[in-house]
Structure formats: structure tokens, C-alpha cells
Amino acid sequence: MKIVVCVKQVPDTAGGVKFNPDGTLDRGAMLTIMNPDDKAGLEAALRLKDQYGAEVTVVTMGLPKAEEVLREAMAMGADKGVLVTDRVLGGADTWATSTTLAGAIRNLEYDLIITGRQAIDGDTAQVGPQISEHLDIPVISYAQDIKIEGDSVVVERQYEDRYHVVKAKMPCLITALSELNEPRYMTPGGIFDAYKQEITVWGRADLKDVDDANLGLKGSPTKIAKASDKVRKGAGEKVSLDPDESVSYIVDKLKVKHVI
């Protein structure tokens with residue numbers, strides 16, 4: 001069994017967000033982590049590997065520094081890492097990103113593709129399903145449990161206050177929720193082994209069956225009208241009253257705002 005996991009290096013929003021003049025994220029200037037939903041998808045793949053002896057290949061698209069999340073994935077137990085990086089791929093929206101990743105995955109053998117439900121820097125939940133469309137394979141999204149039955153995958157798909165049980169023949173793509181599992185930690189031995197292995201690096205020339213018109217910023221139909229950091233709230237109104245006056249003051253404010 002061969003599993004491909006798509007992961008993304010995303011900004012650690014706790015360290016602040018920075019933008020380029022064109023409205024895109026300045027990824028090179030921010031601290032980064034592996035996207036949480038993607039890490040849950042990776043853990044799901046590693047558990048399938050533990051159970052069935054699967055081979056796990058992790059693919060990411062990004063700046064050269066995105067190699068870091070591939071090393072992390074291999075230190076957790078993934079077998080191979082593929083970095084797709086090229087200047088012409090920069091500034092991609094979900095359409096251009098999914099086109100690029102699908103072009104890379106066409107070079108690989110796979111029974112199952114696992115992506116995160118969505119990335120914390122965009123929250124679109126579009127890339128995984130779009131990859132499945134490009135590759136013409138079924139997709140099951142919002143997975144909270146994954147099992148293998150013969151040549152099929154059986155998934156509990158989260159749906160509001162319940163879940164659906166969905167079965168599909170492989171090859172198939174699954175998008176994972178961060179609640180799917182508790183990802184394992186890297187081991188010291190795994191870290192040493194990860195840095196001994198080579199990362200496969202592909203550029204535009206290595207993508208299969210893709211059109212330049214669908215790549216990078218120029219191939220992205222999504223246009224950003226405006227981008228800004230979160231607006232800081234003011235100090236608010238401050239008053240100094242005795243206890244009885246304070247109660248009346250607060251009640252009046254709540255009435256004005258129709259809270260009571």
C-alpha cells in the first residue's frame with residue numbers, strides 16, 4: 001500500500017502575521033509550523049503504515065525552507081519527502097496550488113492520498129477536493145476515523161452533530177480533521193535518520209500534465225482586494241463610581257445594547 005500525504009508549512013500566527021505589498025503573506029519573514037490538520041492526516045497515514053506496512057510519501061509545496069516540515073514528517077516515521085518549489089509557483093491561490101500538487105503527485109504511485117481539511121493560513125478547505133478533481137479520483141472530506149477493507153477505504157465523515165460512514169474504492173483522497181487523532185512526537189533516532197535522508201526537490205519542469213496558465217500568482221483567479229493585520233481594540237470607556245452607581249451604569253449599558 002502506498003500513501004501520499006500533502007502537508008503545508010504555515011505561519012505560526014502566535015508570532016504575528018506579515019504581508020507583502022501585493023497582499024500575499026510574507027512567508028519568509030514569519031515563524032512556521034506544520035499545519036495542524038495536515039499533521040493529523042500524517043498521523044493517520046503512519047498508523048496505517050504501522051498496521052498494514054504501507055509506504056508513506058510526504059509532499060509539500062513552498063519555499064525551500066518548507067523542507068523543514070518534510071524532515072519533521074520523516075522524523076515522525078514517513079519514508080520519503082518531496083518538496084515542490086519554484087519561483088514561478090509563488091503567490092498561488094487554492095486553484096494554482098492544487099494544480100501544482102496534482103502535477104507532482106502524478107509522478108508518484110499511490111493508493112491513498114491524505115490532506116488536511118484546511119490550512120490555518122487560508123481556511124478555505126478547497127485544496128484537497130480540488131486535487132481529487134484534477135486526478136479524477138473520489139474524495140471523502142472531514143474524516144474523523146479511517147479504516148481499510150480490502151481495496152476500499154471506510155471513513156467516518158463528520159457531519160454537524162453526527163457522522164456518515166462512507167466507503168470508496170482506492171485510489172481515493174481523504175481530508176483529515178485535526179480531531180482525527182493525537183499526532184505522535186518525533187523521536188531522537190527519527191530526527192537523526194530524517195537528516196540523513198535526501199529530500200526530492202521538484203520544480204516546474206517536473207510537474208506532469210499542467211498548464212503554465214494555471215500556476216503561480218498569474219494562474220490564480222482569486223484576487224486580493226485588501227489585506228491587513230487584525231485591528232487592535234481601543235482601551236474602552238473608563239468610569240469611577242460607587243457600587244450602587246456602578247450597578248445602574250452597567251444595567252443601562254446592557255439595555256442600550258439590547259443584551260437585557
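Student: How many disulfides does a search of the whole structure find?
Tutor: The model is a predicted one. A disulfide needs two cysteine sulfur atoms within 2.5 Å. C6 has the sulfur of C172 as its nearest cysteine sulfur, 13 Å away, and is in no disulfide. For C172 the nearest is that of C6, again with no disulfide. Over the whole structure, the number of disulfides found is zero.

Student: Is C172 buried or exposed?
Tutor: The cut-off for buried is under 20% relative accessible area. C6, at 6%, is buried. C172 has a relative accessibility of 0%, so this cysteine counts as buried.

Student: Which residues of helix α4 are buried?
Tutor: Helix α4 covers residues 127–135. Its buried residues are G128, Q130, I131, S132 and L135.

Student: What do the buried residues of α4 pack against?
Tutor: One partner is a helix, α3 (94–105). The others are the strands β1 (2–6), β6 (112–116), β7 (139–149) and β10 (172–176).

Student: Which residue with a positive phi follows α4?
Tutor: Helix α4 ends at residue 135. The residue after the helix has a phi near 60°, and that residue is D136.

Student: The ring of which residue has the charged end of R71 over it?
Tutor: Aromatic pairs are a separate matter: a search of the whole structure finds zero. The charged end of R71 lies 5.3 Å from the centre of a ring, within the 6 Å limit. That ring belongs to Y195.

Notes:
Residues numbered from 1 in each chain as written. Predicted model: local features only at pLDDT ≥ 70, side-chain atom pairs only at ≥ 80, totals over all residues. Heavy atoms only, no water. Buried < 20%, exposed > 50% of the residue type's maximum accessible area, 1.4 Å probe, protein only. Helix = DSSP H or I, 4+ residues; strand = E, 2+ residues; numbered from the N terminus. Contact = heavy atoms within 4.5 Å. Phe/Tyr/Trp six-rings, centres within 6.5 Å; stacked < 30°, edge-to-face > 60°. Lys NZ or Arg CZ within 6 Å of the ring centre and 35° of its normal.
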